[in-house]
Amino acid sequence: MTNQPQILIVGAAGQVGVELQRSFSGFGSVVTADLESVDLADADQTRALVRRVKPDVILNAAAYTAVDRAESQPDLAAAINATAPRVLAEEALRLNALLVHYSTDYVFDGQKQQPWVESDEPNPLNVYGATKLAGEQAIQQVGGRFLIFRTSWVYGPHGNNFLLTMLRLARERSHLSIVDDQFGSPTTSIELAHATRTITEGVLSGQFGAPTDWAGLYHMTCADSTTWFGFAKAIFAGAEHRLHVKPPELTPLATKDYPTPAKRPHNSVLSNQKLYDRFGVRLASWQTALEDVFQALSSPGNDPK
Ligand SMILES: NC(=O)c1ccc[n+]([C@@H]2O[C@H](COP(=O)([O-])OP(=O)(O)OC[C@H]3O[C@@H](n4cnc5c(N)ncnc54)[C@H](OP(=O)(O)O)[C@@H]3O)[C@@H](O)[C@H]2O)c1
């Protein structure tokens, strides 16, 4: 490994991709790819990208993330979420590069009462979850130097996410009904990118030992959990204070009264113990991380990490 690793960020324009660019700036030489430059649904383009860049590290933040739309586009979702990760893993193996990939809490069916651990049996309820699970499995089958971070309820200062949707809706409506019987851990793109950099640096420096010691699948979410309703309440409390947004009246809603094309798990809270035990990394609580996002939103020039 040279002192200046070549880092390839795929999906660089997405929520996590943008924060990865920020977190990895100054760490080696960063090359970015987004949908405009490479279509990951085309395996040949994906392969050609990696062969051209010859990275030491591939950070794959790209995905087909439209959970409801995936129900009617299963082949496209599978190409991006399952086939592309396999191709990236094969190319990483050829180069002996590190592949970092993100997966989702939606691989689980939500029936467990406790936080899910990595050894729990996945049973996705929707096409998105099934294609993301296939992507995880493909990377694991190829093997090599890989890290898969399963995360949940991702949001941040940029992109399409629940917080920015709530802020938009607050400008349009005085009353919102929000689902209050799905439990999860809102996780910021900022925390994910920061933890990814810390772990990547440790892996490249040999701090965590050989690939057999660290390669694998880990849960990576902000600490503590809530419902979408609880999350919305916290968002509007912060937004009123930090962004002077007038909070709408909120009503809790049952999932059964908010039908969507894709089913979602009742409980998708993930245990982060394995991540902490192996890498000593713990993400902030979702409440603390939310403050960082408000800070970023209220002072756009300010880098919160
Ligand atoms: N968002 C969540 O709540 C959530 C929850 C759990 C896990 N995750 C996982 O976390 C990772 C990052 O998610 P995110 O929230 O940052 O997603 P995101 O904001 O939707 O970003 C995904 C990026 O992938 C790009 N992309 C989509 N199709 C592509 C294609 N065919 N070729 C190249 N690029 C393509 C998108 O480009 P366009 O925008 O131009 O389409 C976008 O820039 C993903 O693996 C996701 O599955 C997300």
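How far from an oxygen atom of the ligand does a backbone N or O atom of G14 lie? The distance is 3.1 Å, which falls inside the limit for a polar contact, a pair of N or O atoms within 3.5 Å (within protein, one must be able to donate a hydrogen and the other to accept it, and residues adjacent in sequence count only if both atoms are side-chain atoms). Taken alone, the ligand exposes 890 Å², and the protein buries 80% of that, with accessible areas coming from the Shrake-Rupley method with a 1.4 Å probe and, for residues, only the protein chains shown counting as cover.

This is a predicted model, in which local features need pLDDT of at least 70 and side-chain atom pairs count only at pLDDT 80 or more, whereas totals for chains, interfaces and linings use all residues. Residues are numbered from 1 along each chain as its sequence is written, and side-chain values use heavy atoms, with hydrogens and water left out.

Two further polar pairs involve the ligand: a polar side-chain atom of K132 lies 2.7 Å from a ligand oxygen atom, and a polar backbone atom of V38 is 3.4 Å from a ligand nitrogen atom. K132 is also, together with D39, L40, T65 and Y128, among those that come nearest of the 23 residues around the ligand, where near means having a heavy atom within 4 Å. This shell divides into 14 nonpolar, 7 polar and 2 charged residues, with Ala, Val, Leu, Ile, Met, Phe, Trp, Tyr, Cys and Pro counted as nonpolar, Asp, Glu, Lys and Arg as charged, and the others, Gly among them, as polar. At least two shell residues come from each of α1 (15-23), β4 (98-104) and α4 (127-142), and β4 gives the largest share, 3 residues; helices (H or I, at least four residues) and strands (E, at least two) are DSSP runs, numbered from the N terminus.

Elsewhere, S268 sits in the loop between β12 (249-253) and α9 (273-279). S268 counts as buried because its relative accessibility is 1%, the cut-off for buried being under 20% relative accessible area (1.4 Å probe, protein chains only). Its side chain joins that of D105 in a polar contact of 2.7 Å.

Helix α6 (residues 189-205) has 17 residues and reaches 24 Å from its first C-alpha to its last, close to the 24 Å expected at 1.5 Å a residue, a span taken as 1.5 Å times one less than the number of residues. Of those 17 residues, 12 are buried, including I190, L192 and I199. After α6 comes G206, whose phi is positive, near 85 degrees.

Note on methods:
Buried < 20%, exposed > 50% of the residue type's maximum accessible area, 1.4 Å probe, protein only.
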